[in-house]
Amino acid sequence: MMDPLVKIEDLQVKFLRLLQRFGQSQDNILAVKVLYRLHLATLIRAGESDMKMVNLRSDRTRAIAREQEATGIPDLDFSIRILVLGKTGVGKSATINSIFDQTKTETDAFQPATDCIREVKGSVNGIKVTFIDTPGFLPSCVRNVKRNRKIMLSVKKFIRRSPPDIVLYFERLDLISMGFSDFPLLKLMTEVFGTAIWFNTILVMTHSSSTLPEGSSGYPFSYESYVTQCTDLVQQRIHQAVSDARLENQVLLVENHPQCRRNVKGEQILPNGQIWKSRFLLLCICTKVLGDANALLGFRDSIELGPLGNTRVPSMPHLLSSFLRHRSLSSPSEAENEIDEILASEIDEEDEYDQLPPIKILKKSQFERLSKSQKKSYLDELDYREILYFKKQLKEESRRRKENKLSKEECLPNDSTPDEQTSSEAVMLPDMVVPPSFDPDCLAYRYRCLVTSDQWLVRPVLDLQGWDHDVGFDGINLETAVEIKSNVFASIAGQITKDKHDFNIHSESAAAYVDPEGPTYCIGLDVQSSGKDMIYTVHGNTKLRNFKHNVTDCGVSLTSFGNKNYVGAKLEDSLLVGKRLKLVMNAGRMGGSGQVAYGGSFEAILRGADYPVRNDNISLTMTALSFNKEVVLTGGFQSEFRPIRGLNMSVNANLNSRKMGQVCIKLNSSAHMEIALLAVFSIFRGLLRRKAAENRSTEALETG
């Protein structure tokens with residue numbers, strides 16, 4: 001089997017020979033586009049490692065084309081199959097005769113001349129050209145739909161054996177007006193042949209030398225403006241039939257009248273001076289070559305026309321990386337259990353907070369009279385006491401959870417305190433900050449969020465950018481985590497948003513069984529909307545505790561999106577080293593639709609000395625993803641810390657082997673003066689950059 005790179009090079013040689021044979025320059029706008037596409041195809045097939053050889057191949061290809069065309073050896077093996085479609089009487093058969101410069105098919109100005117599908121073969125400058133001439137469609141109306149459909153179905157059956165390279169759709173330029181109403185016919189063509197027929201379709205406008213109509217001012221249109229107006233009108237109707245405005249079809253202007261103006265060589269020319277026959281052949285050749293290049297690269301079926309929407313098909317590496325990052329909670333108390341393990345070594349020690357001597361809290365006036373070093377020492381002492389106090393609270397909560405667990409295992413009734421016997425009342429939260437627009441005078445009529453003793457937490461979704469709003473709420477958020485029965489937990493979290501046009505939902509639900517002496521089993525369902533479609537993901541995992549501080553997680557997932565299914569599997573192992581260092585390693589595989597992706601990651605998390613009171617940490621991550629014989633390595637760094645009192649900072653950075661990455665820095669400060677200084681600094685720097693840009697532009701104008 002011939003190498004695809006050799007096939008692309010051979011196609012490029014043929015195209016360069018065709019340009020020479022038809023007397024076309026390589027600088028022609030159409031030729032430049034085709035050569036650029038072929039160059040891109042060569043780069044794609046050659047890969048980054050052979051980019052230096054691509055330019056050498058290009059120069060060699062041009063030399064080979066000149067030599068072969070000069071000697072005529074080997075013979076140029078190039079043929080084109082063209083399907084001709086259009087209404088009856090628009091000049092399809094006449095155009096075929098004009099291309100061959102002889103009468104190949106009968107024409108009639110008063111009645112349809114073609115009553116059956118037939119192939120018209122011929123040669124132009126040694127190029128084999130085959131036209132598939134078809135009966136003309138009748139004008140768009142209800143009584144003609146059945147006959148037009150019958151013609152289209154017969155054409156579809158005829159071309160099934162040997163598909164055409166190019167489709168020509170004919171219209172008369174002199175009959176197109178603002179009342180152009182061929183949308184039903186174009187829609188019927190799209191339904192019968194499919195949207196793919198429009199990819200290689202060229203719009204052919206016959207009678208292009210006819211007298212131009214008058215404009216609104218009483219003077220005739222200019223030729224260019226009239227042609228643009230008519231072609232835009234036809235293209236707009238095609239967009240409506242395909243329901244996609246991205247499609248752009250090339251346009252050919254044709255004149256078959258024997259009295260058409262000619263140049264000194266006897267070639268027919270249009271009012272704009274264009275030789276329509278040479279452009280006709282060049283555009284057909286370019287379309288054929290681009291179609292062959294797309295077929296070699298496998299792009300022919302990769303693009304689909306249709307209604308535009310927000311649907312984005314998830315890529316295989318994205319699905320795999322999301323699956324590897326997914327941390328499924330086995331129970332609502334899993335995070336608490338991890339904290340309990342960290343505090344287990346200190347639970348029996350005497351609390352340092354109780355041993356501290358009392359401290360006098362200074363007033364603001366007293367604090368201002370202290371020196372700078374005294375202020376620092378005083379604030380450091382308060383921070384130290386605060387950390388010890390919170391750590392004492394966490395230890396007490398951990399001790400209380402262990403006692404409750406033991407009491408449940410021994411089936412002993414817990415002593416209810418008066419606070420527990422009294423049912424907690426609903427607490428009304430303060431109003432959310434919403435835009436002032438359309439708010440009523442009486443603020444008593446507001447939606448409010450209630451927090452009750454129930455396990456369900458329901459909150460509104462606030463739209464800060466909304467104008468048409470009921471106090472700014474355009475959705476609802478629902479969360480719950482309950483213990484159904486002993487060691488069986490369930491959790492649901494979801495958000496629903498709805499406006500006049502879109503409906504979006506994102507939900508995650510899971511159920512888990514926790515064996516106190518063995519593994520933990522979990523199964524979940526995730527639902528997410530993507531445009532008009534839904535993405536469903538079913539995942540399950542099993543957690544095994546091999547040692548005291550080592551947990552192994554095995555998981556599988558099934559993702560369904562439209563008519564595509566993806567299956568994934570992963571293995572994850574986490575190890576807690578001491579109190580501060582946690583190591584996480586995982587590897588996974590995702591497959592579906594004939595594609596497979598592999599990946600794995602290693603993460604090291606170093607927590608601060610005050611964890612879990614403060615969440616200071618540094619995380620280093622290394623990830624590897626393999627897809628389509630390409631491996632991408634990514635290194636990541638993430639840190640959360642408090643550089644100074646009252647200021648929290650979060651730094652997130654990553655860089656991959658493709659030399660792509662990002663850096664994100666977030667600051668959270670309780671000192672308003674510091675925030676103001678940061679804003680002033682950013683504004684000042686932006687003004688300096690603008691000033692420098694203006695100076696450079698002024699210098700360029702002066703020197704120019």
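Trainee: Which residues is methionine 152 in contact with, leaving aside its neighbours within four places in sequence?

Mentor: They are Phe137, Leu185, Leu188, Met189, Val192 and Phe193. Contact means heavy atoms within 4.5 Å. Please note that this is a predicted model, in which local features need pLDDT of at least 70 and side-chain atom pairs count only at pLDDT 80 or more, while totals for chains, interfaces and linings use all residues. Residues are numbered from 1 along each chain as its sequence is written, and side-chain values use heavy atoms, with hydrogens and water left out.

Trainee: What separates the C-alpha atoms of methionine 152 and methionine 189?

Mentor: These C-alpha atoms are separated by 7.3 Å, and the two residues are 37 residues apart along the chain. Methionine 152 itself is in helix α5, residues 145–159. A helix here is a DSSP run of H or I with at least four residues, a strand is a run of E with at least two, and both are numbered from the N terminus.

Trainee: Why does methionine 152 count as buried?

Mentor: Buried means under 20% relative accessible area, exposed means over 50%, and partly exposed lies in between (1.4 Å probe, protein chains only). Methionine 152 has 0% relative accessibility, so it counts as buried.

Trainee: What makes threonine 537 buried?

Mentor: Its relative accessibility is 17%, and therefore threonine 537 counts as buried. This residue is found in strand β14, residues 533–547. Not counting residues up to four places away in sequence, threonine 537 touches Gly524, Leu525, Asp526, Leu558 and Thr559.

Trainee: What joins the side chains of threonine 537 and threonine 559?

Mentor: A polar contact of 3.3 Å joins them. The term requires a pair of N or O atoms within 3.5 Å; within protein, one must be able to donate a hydrogen and the other to accept it, and residues adjacent in sequence count only if both atoms are side-chain atoms.

Trainee: Why is lysine 659 called exposed?

Mentor: Lysine 659 has 77% relative accessibility, so it counts as exposed. It lies in the loop between β21 (647–656) and β22 (661–669).

Trainee: Is asparagine 487 described as buried, exposed or partly exposed, and why?

Mentor: Its relative accessible area is 25%, so asparagine 487 is partly exposed. Asparagine 487 is found in the loop between β10 (473–485) and β11 (488–498), and its phi is near 65°, again a positive value in a residue other than glycine.

Trainee: How do you know that α1 and α8 are roughly antiparallel?

Mentor: Helix α1 (residues 4–21) and helix α8 (residues 276–297) pack at an angle of about 175°, with their axes 11 Å apart. Axes are lines fitted to C-alpha atoms, for helices over the stretch in contact, and angles run from 0 to 180 degrees between N-to-C directions. Angles under 35 degrees count as roughly parallel, over 145 as roughly antiparallel, 65 to 115 as roughly perpendicular and the rest as oblique. The two helices are therefore roughly antiparallel to each other. Among the residues making the contact are Leu11 and Phe15 of α1 and Ile285 and Val289 of α8.

Trainee: What is said of the peptide bond from isoleucine 73 to proline 74?

Mentor: This bond is cis, with omega near -5°. Proline 74 is found in the loop between α3 (51–71) and β1 (79–86).
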